[in-house]
Amino acid sequence: MEKKIAILATDGFEESELKSPKKAMEKEGFDVDIVSLKSGKIKAWSDGNWSNEYDVDKTVDKVSAKQYHALVLPGGVINPDLLRVEEDALVFIRDFFKQSKPVAAICHGPWSLINADVVEGRTMTSYHSIRKDLENAGALWVDKEVVVDEALVTSRSPKDLDAFNDKLIEEIKEGKHDLQHA
């Protein structure tokens with residue numbers, strides 16, 4: 001059975017953190033959708049500047065976690081800051097946890113997880129600047145290239161992408177995790 005994966009992103013996502021996992025998942029034969037707040041295109045951020053535009057496959061108000069096997073949340077500073085105040089995005093994220101499906105977030109991506117109320121009691125990593133945000137939300141923060149806590153995969157930055165992609169793919173292949181929870 002083909003696996004269908006959602007990458008939730010909007011303008012200001014860190015380009016490598018969307019492009020690299022998407023390529024790795026497609027190489028495995030997974031069907032990957034870029035899901036966003038609006039249709040059309042979203043603009044990437046790379047090396048401190050605006051970068052390429054990417055086509056949006058679906059809008060978050062028209063999809064459900066039931067349609068996907070896993071969720072990926074790229075970072076960038078602007079992207080998760082915009083997503084974490086959108087109720088449709090938070091419901092979409094929370095539903096992956098309620099359905100015990102793998103979720104992967106890198107760099108600043110975990111910001112959205114905080115607002116979705118899914119980090120309490122979880123062991124995670126992230127970009128160092130949001131460590132306190134995660135700890136204040138009840139997560140146990142560790143400084144490692146990749147952390148897996150019951151189908152929740154987190155990494156610190158683009159330099160961790162190889163390890164992040166490997167664990168992400170491993171978790172998707174394992175499928176649902178009974179201990180994954182909202």
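Biologist: Which helix is S20 found in?

Modeller: S20 sits in helix α1, residues 15-27. A helix here is a DSSP run of H or I with at least four residues, numbered from the N terminus. Keep in mind that this is a predicted model, where local features need pLDDT of at least 70 and side-chain atom pairs count only at pLDDT 80 or more, while totals for chains, interfaces and linings use all residues. Residues are numbered from 1 along each chain as its sequence is written, and side-chain values use heavy atoms, with hydrogens and water left out.

Biologist: Why is S20 called partly exposed?

Modeller: Buried means under 20% relative accessible area and exposed means over 50%, with partly exposed in between (1.4 Å probe, protein chains only). S20 has 22%, so it counts as partly exposed.

Biologist: What does S20 touch, leaving out residues up to four places away in sequence?

Modeller: L161 and N165. Touching means heavy atoms within 4.5 Å.

Biologist: And what makes the side chains of S20 and N165 a polar contact?

Modeller: Their distance is 2.8 Å, and the cut-off is a pair of N or O atoms within 3.5 Å, one able to donate a hydrogen and the other to accept it; residues adjacent in sequence count only if both atoms are side-chain atoms.

Biologist: Why is α1 called oblique to α6?

Modeller: The axes of α1 and α6 (residues 161-174) cross at roughly 45 degrees. Under 35 degrees is roughly parallel, over 145 roughly antiparallel, 65 to 115 roughly perpendicular, and the rest oblique. So α1 is oblique to α6.

Technical notes:
Helices (H or I, at least four residues) and strands (E, at least two) are DSSP runs, numbered from the N terminus. Axes are lines fitted to C-alpha atoms, for helices over the stretch in contact, and angles run from 0 to 180 degrees between N-to-C directions.
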